[in-house]
Amino acid sequence: MATARLRTCMNSAPIALVTGGSSGLGLEFSRQLYDRGYSLILVSNRDDELSRAAAELSSPHPGLDPGSPAVRTLCMDLARTTAADELYEWCSSQGILPDVVVNDAGMFFFKELTADDLPRVQAMIDLHVVTVTRICLLFGDAMKKRGSGRILNISSMCARIPAPGVTIYSATKAYLRSFGRSLSYELKPYGVTVTTVCPAAVATPLYRLSERQMRAGLRLGLVRTPRWLVRRSLRALFRGRRVLSPAFMNIWLPFLIACLPGPLIARLWKKLK
């Protein structure tokens with residue numbers, strides 16, 4: 001079961017819940033939401049990273065009241081079918097209904113699938129599909145009753161690129177894109193928005209690129225910084241956009257891959273694996 005540590009007392013500031021909020025893209029969401037005056041609930045399965053993130057975010061920020069906003073951390077494994085329900089129950093027991101929910105927690109691996117991969121496959125499906133779906137429905141229903149709320153889900157450019165090596169990742173991200181877009185229409189009449197972000201490559205540890213590859217990608221514009229992506233994602237969230245596909249790669253790469261003949265894709269995969 002989850003463990004929680006209260007860093008400072010929650011106050012009247014708006015509240016944002018960020019899954020995967022202790023590192024990578026999630027940490028950048030946490031930083032920028034904190035700078036906007038949001039109290040935070042950071043959820044991750046890495047307790048040490050949560051401690052470091054809370055210490056960083058709770059340090060004095062220029063222009064902000066030292067007593068506000070607040071940061072809470074919740075250490076739990078979100079890649080379980082019961083995780084979303086436990087998270088919602090914990091928030092309810094604390095009397096917390098977030099104003100913003102950011103579903104950023106994710107996992108990634110690149111390889112040809114075998115039966116040995118079933119545990120990782122199931123974990124990815126549970127994390128990307130089951131947990132996000134249940135979080136959206138549980139918190140979304142409470143937001144409907146309140147008459148306001150914003151949900152942001154992180155999908156991927158891979159949602160439009162079914163390809164060998166990222167078979168499960170692409171499929172789960174495609175689900176998130178479709179689910180988020182449809183749910184946004186259902187919740188909009190109740191004052192609740194759902195924004196789905198489909199980023200291309202981002203400079204985070206998720207993809208395990210070498211430092212040299214990362215620098216080259218950033219120079220060429222093939223990889224974007226978390227700060228760049230989060231700034232645009234939050235702008236889309238607060239404007240109520242349904243889907244955001246930032247970066248020029250989102251235009252040309254899926255189209256280019258879709259034009260490749262099947263036999264060529266098979267030959268390329270044979271060389272890569």
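These notebook entries record what I looked up in a predicted model of a single protein chain.

**Entry 1. The whole chain**

I began with the overall make-up. The secondary structure consists of nine helices and eight strands. The chain has 273 residues, and buried residues make up 47% of them. I then looked up the accessible surface, which comes to about 13,500 Å², with 56% of it belonging to carbon and sulfur atoms. For contacts with a separation of 6 or more, I noted that 74% are between residues 24 or more positions apart.

**Entry 2**

Which strands pair with E2? One is E3, residues 39-44, which runs parallel to E2 and is joined to it by five bridges. Within this pairing, Ser 39 of E3 is the bridge partner of Ile 15. Another is E5, residues 100-103, also parallel to E2, with four bridges. Here I found Val 100 of E5 opposite Ala 16. I also followed the chain from E2 through helix H1, residues 24-35, to E3, and these three elements make a right-handed β-α-β unit.

I then examined strand E7, residues 192-197. Six of its six residues are buried, so E7 is largely enclosed by the rest of the structure. Val 192, Val 194 and Thr 196 point one way from E7, and Thr 193, Thr 195 and Val 197 point the other way.

E7 pairs with E6, residues 149-154, in the parallel sense over six bridges. Ile 151 stands opposite Val 194 of E7. E7 is also joined to E8, residues 243-244, by two bridges, and these strands run parallel. In E8, Leu 244 is the bridge partner of Val 197. E6, helix H5 (residues 167-187) and E7 form a right-handed β-α-β unit.

**Entry 2. Gly 180 in helix H5**

Is Gly 180 buried or exposed? Its relative accessible area is 0%, and the cut-off for a buried residue is under 20%, so Gly 180 counts as buried. I located this residue in helix H5. Leaving aside neighbours within four places in sequence, Gly 180 is in contact with Asn 153, Val 194 and Thr 196. I also looked up its distance to Thr 195, 15 residues away along the chain: the two C-alpha atoms are separated by 6.8 Å.

**Entry 3. Helix H4**

My last entry concerns helix H4, residues 118-146. Its 29 residues should span 42 Å at 1.5 Å a residue, and the end C-alpha atoms are 40 Å apart, which agrees. Where does H4 bend? I found a bend of about 35° at Asp 126. Just after the helix, Gly 147 takes a positive phi of about 95°.

Gly 140 lies in H4 and is buried, at 1% relative accessibility. Apart from neighbours within four places in sequence, Gly 140 is in contact with Ile 135, Ile 151 and Leu 187.

Key
Residues numbered from 1 in each chain as written. Predicted model: local features only at pLDDT ≥ 70, side-chain atom pairs only at ≥ 80, totals over all residues. Heavy atoms only, no water. Expected span 1.5 Å × (residues − 1). Bend = angle between axes of the 7 residues up to and from the residue. Buried < 20%, exposed > 50% of the residue type's maximum accessible area, 1.4 Å probe, protein only. Contact = heavy atoms within 4.5 Å. Areas by Shrake-Rupley, 256 points an atom, 1.4 Å probe, with all protein chains shown as cover. Pairing = 2+ DSSP bridges. Right-handed = clockwise from strand over helix to strand, strands pointing away.
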